[in-house]
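Student: Hi! I'm new to this one, could we walk through it together?
Tutor: Happy to, here it is.
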Amino acid sequence: FPQTNDFKCLTGKLSVGVHFALINASSDYWHDCGYVDGTFAVLSGKPFKKDEHRTYRSIELQLEGLDRIIDTSPTETQFDEEKSSSSITCSNRCWEWHRDNLSMKLYFAGRKCSDPHSFATPFAPVLRIDAVSPLTVVDWWLNWVIPLQEIIASAIGHTPDVMYMLAIAEHTSKREQRDQIFKWDIKQESIYHSTDTTRRSESAIKIQEDNINLLDLLMKYQELLASHHPLTETFQSVALSSDQHPRSRFLLLIQALEGLHGFEHREEEDKQCQAYKKKKKEFLAHMKEVITNGDYKFLKESMMSSQFVTLENRLITIFDTLPPGVREKLDRNALIRQFRELQEEPNMKMEAALARIRNKLSHGATNFEPSDLDDVVEILYRVVRAELLRVLGAPESCRMRLLKDAES
């Protein structure tokens, strides 16, 4: 003792009669007690097979932030003061998207209250995804739920919580068998639509106004992850770790922009690099006939082996595509002003300052106040989110909402 065991899938039955499966589970057993946990816990009214993971054709879930990207109301309310009466009409509004063998549906689910002294009908936005090929809970989570979180994060500015998640294995019966998914970061509660919540801060995405196809955005995000696009891979670190120190977030955001530029201009830069190598070879061949062997050796060793684009130039190219107010706000920032004074270069370009600050922070050559870094991070985070939405193919209006707030 203790007796410790690991299981890919541990199945059992609770005393209340509900069947469970613990995925990637471990158990610790002592003389008279034991403890068991897993990465995922699945509860079902149907027994699980011991020798295989159950697969599901559909999932239903609620994410924090879904209510903020929906820009229409689930009901219409009318008041008649003369008759002292009121009425509520449910719009039954939903959005459906289809692509290949997949479908997605976003809709409102309502809950009625039977109390005659306090009439209320709250509504919660719910998202459902159906696939022809069934997937395990882990595959649904990694390939669909996490990318969804990151797309919503690009719209609202922080990683949304998963409120609940249900998995549907079969579609044959009239009443679908829905297994409930548990995980440490699934809250198991519902967020109901509230005007106060949606007015708190504007979302970059508005489903109705922008005519957004959420399924297309999600599948594009999956394509970018599969191709190891540097922006999506770096955004995962920023979006899913919002409690990082401003220093780390600053370095990651600059890295995201640098990687984005390099990825989108790699063919052009490869051509420039090849042209440089050819020119260098011709130049050295000419100089060998003109200068001494010692000078030639020094020149050959001193010349760059290949041409490269500086971080400053990459940032200039990116900021040239943004509204001028973004650059102006960064130009006035306290951190940029302090760095210019420190370097005694009052006319230093904002992009040059950002590049040199990144280099000094990376090498531990200097430090800055976290609050000053945080002011820059807030702007850079909006720029990265806006660029991510552009890469995903979201309408320009989504990008402009983020950049407009970055200017103010």
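Student: Which strand does Tyr29 lie in?
Tutor: Tyr29 is part of strand β2, residues 19-29; strands are DSSP runs of E with at least two residues, helices are runs of H or I with at least four, and both are numbered from the N terminus. A note on the source: this is a predicted model, where local features need pLDDT of at least 70, side-chain atom pairs count only at pLDDT 80 or more, and totals for chains, interfaces and linings use all residues. Residues are numbered from 1 along each chain as its sequence is written, and side-chain values use heavy atoms, leaving out hydrogens and water.

Student: OK, new topic. How many aromatic pairs are there?
Tutor: The count is four. Rings of Phe, Tyr and Trp (its six-membered ring) pair if their centres lie within 6.5 Å; planes under 30 degrees apart are stacked, over 60 edge-to-face, and the rest tilted. One of the pairs is Phe40 with Trp141, edge-to-face, 5.7 Å centre to centre with 70° between the planes.

Student: What does that pair tie together?
Tutor: Phe40 is in strand β3 (residues 34-44) and Trp141 in helix α2 (residues 137-156), so the pair links parts 101 residues apart in sequence. Phe40 is buried, at 4% relative accessible area, and Trp141 is buried with 4%.

Student: And where do Trp140 and Trp144 lie?
Tutor: Both are in helix α2, four residues apart, about one turn of the helix. Trp140 and Trp144 are both buried.

Key:
Buried means under 20% relative accessible area, exposed over 50%, partly exposed in between (1.4 Å probe, protein chains only).
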